[in-house]
Every structure is written in C-alpha cells, then in structure tokens.
Amino acid sequence: GPHMLARLPVNKHYPDRAALADAIADVLAQQVAACDADIIQMDEASLPVLPDDWPYAARAINKVLDAAKGMTAVHLCLGNYNGQRSPGASSWDRLLDYLNALHADHVVLENAYRPLHEIEVFKELRPDLGLGLGVIDVKSNEVETADGIAARLDQAAQVLGPGRVRFIHPDCGFFMLNRSVVDAKIKALVAGRNLYEGR
C-alpha cells in the first residue's frame with residue numbers, strides 16, 4: 001500500500017510523507033486499473049505501528065482501491081513482522097477509523113494470537129465491510145486443531161452475531177514456515193471451518 005511504500009524512500013521532492021503517499025497512490029492506481037483480476041488485495045504493513053497516520057493513509061489507499069475493476073480487500077498485520085511478533089504494534093481499536101474509511105469490500109485481519117476480547121472492537125466495523133478473521137498463527141510451528149478453530153469462530157459469532165465473519169484465513173503469509181507445517185495448518189483451517197459450519 002502507499003503508506004508503507006512512502007516510508008521506504010528518502011523523500012527530497014514532496015513536502016511531506018502524506019504527499020509522497022498520494023503520489024505513490026496515483027502510480028499504483030494506474031497499475032491496478034490495468035489488472036483484470038477478480039480481487040485486488042492491498043497490504044499496509046506499517047500502519048499498525050503508526051496508527052495516527054490513518055487519515056492520509058486512508059486517502060491514499062482509497063485512490064488505489066477505487067481504480068480496481070473487481071472486489072477489493074485490505075490486509076493489515078497486527079504484530080507480525082517477517083514471522084516475528086512486533087512489539088510496537090497497536091491494537092485494533094486504534095485502527096477502527098481507518099478500517100471504516102476504506103473503500104474496500106472486505107478486510108483481512110490478523111487475530112489468531114491476539115486476545116479474544118479484541119473482537120469486541122469489530123462491533124463498530126461498518127456492516128457492509130466484510131470481516132476476514134485470522135485463525136491461523138503464522139509465527140508458530142504449532143498446528144492449530146479443527147476444534148480450536150471452530151471454537152474461535154463460534155466465539156466470534158457470539159460476540160459479533162452470526163454471519164458477521166465472512167472470511168477466515170491465516171493471519172499473514174507463510175514464508176517463514178516449512179511447507180509441511182503450512183500444509184497441516186491449511187488442512188486444519190478447512191477442517192475447523194467445516195466443523196463450525198456442520199459439514
């Protein structure tokens with residue numbers, strides 16, 4: 001996403017980082033407009049440690065999301081950096097204004113190792129914004145159980161209401177884990193989903 005990309009270069013041209021993010025968003029929007037994909041997912045990895053940047057981060061990413069032809073999603077890691085727990089990460093309540101400002105169809109969030117009480121925050125999420133709940137911890141070699149995943153989904157439904165969680169997924173990418181662990185975790189995710197849905 002443009003917020004993350006604007007934090008990487010040395011800026012000697014634009015008046016501030018918000019202006020740089022806006023310029024990057026213009027370029028990304030051109031690229032996204034040329035993509036013939038069913039779903040475009042953006043990732044803003046830096047925002048959870050800089051939640052006060054949300055107003056300009058939302059303006060910039062919305063330029064990109066508005067250029068997409070199909071469905072759009074935004075992913076945020078909360079405490080995950082290269083497969084490690086990031087001590088500087090915020091909490092979901094500090095990012096709620098950002099999430100509600102997004103011109104996205106759904107959000108893909110990291111929740112697997114987060115405290116269960118944080119799910120309460122999503123009661124304030126726009127009802128038209130699809131909620132994707134992370135149920136697989138990508139920072140651990142321990143493979144989740146189908147029972148544990150089904151229980152997590154049941155707990156979320158009790159807090160947020162049935163049908164509010166529209167997607168389940170791993171917290172983030174699996175590149176730090178061995179393929180055998182990844183395969184087992186994905187198998188558990190499917191089994192947990194099936195168990196929860198009574199399949």
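This is a predicted model: local features need pLDDT of at least 70, side-chain atom pairs count only at pLDDT 80 or more; totals for chains, interfaces and linings use all residues.
Start at helix α1, which covers residues 2-6. Alanine 6 sits in this helix. Its relative accessibility is 1%, so alanine 6 counts as buried. What does alanine 6 touch, once neighbours within four places in sequence are left aside? The contacts are Arg17, Leu20, Ala21 and Ile24. Arginine 166 is another matter: its C-alpha atom is separated from that of alanine 6 by 31 Å. Along the chain, those two residues are 160 residues apart.

Next comes helix α2, residues 17-33. Helix α2 packs with helix α3, residues 54-66. The angle between them is about 15 degrees, and their axes are 7 Å apart. Angles under 35 degrees count as roughly parallel, so α2 is roughly parallel to α3. The crossing of this pair is right-handed. Which residues make the α2 side of the meeting? They are Arg17, Ala18, Ala21, Asp22, Ala25, Asp26, Leu28, Ala29 and Val32. On the α3 side stand Tyr56, Ala60, Lys63 and Val64.

Helix α5 (residues 146-160) packs with helix α6, residues 179-197. Here the angle is about 50 degrees, with the axes 7 Å apart. Is α5 parallel or oblique to α6? That angle makes α5 oblique to α6. The crossing of α5 and α6 is right-handed. From α5, the meeting residues are Ala146, Asp147, Ile149, Ala150, Leu153, Asp154 and Ala157. From α6, they are Ala188, Leu189, Ala191, Gly192, Arg193, Leu195 and Tyr196.

Look at leucine 153 within α5. Its relative accessible area is 6%, so leucine 153 is buried. Leaving aside neighbours within four places in sequence, leucine 153 contacts Gly192, Arg193 and Tyr196, among others. Proline 15 lies 46 Å from leucine 153, C-alpha to C-alpha. In sequence, proline 15 and leucine 153 are 138 residues apart.

Turn to the aromatic rings. How many aromatic pairs does a search of the whole structure find? The search finds one. Tryptophan 92 and phenylalanine 122 form this pair, which is tilted. The ring centres are 5.9 Å apart, with 55 degrees between the planes. The pair links distant parts of the chain, with its two members 30 residues apart. Tryptophan 92 is in the loop between β4 (84-85) and α4 (96-101). Phenylalanine 122 is in the loop between β5 (106-109) and β6 (130-136). Are these two residues buried or exposed? Tryptophan 92 has a relative accessible area of 0%, so it is buried. Phenylalanine 122 is buried too, at 1%.

Finish with the cysteines. The count of disulfides comes to zero. Cysteine 172 is in no disulfide. For cysteine 172, the nearest cysteine sulfur belongs to cysteine 77, 3.0 Å away. Cysteine 172 counts as partly exposed, at 25% relative accessibility. Cysteine 35 is also partly exposed, at 31%.

Note on methods:
Residues are numbered from 1 along each chain as its sequence is written. Side-chain values use heavy atoms; hydrogens and water are left out. Rings of Phe, Tyr and Trp (its six-membered ring) pair if their centres lie within 6.5 Å; planes under 30 degrees apart count as stacked, over 60 as edge-to-face and the rest as tilted. Helices (H or I, at least four residues) and strands (E, at least two) are DSSP runs, numbered from the N terminus. Buried means under 20% relative accessible area, exposed over 50%, partly exposed in between (1.4 Å probe, protein chains only). A disulfide is a pair of cysteine sulfur atoms within 2.5 Å. Axes are lines fitted to C-alpha atoms, for helices over the stretch in contact, and angles run from 0 to 180 degrees between N-to-C directions. Angles under 35 degrees count as roughly parallel, over 145 as roughly antiparallel, 65 to 115 as roughly perpendicular and the rest as oblique. A crossing is left-handed if the near helix is turned anticlockwise from the far one by less than a right angle, and right-handed if clockwise. Contact means heavy atoms within 4.5 Å.
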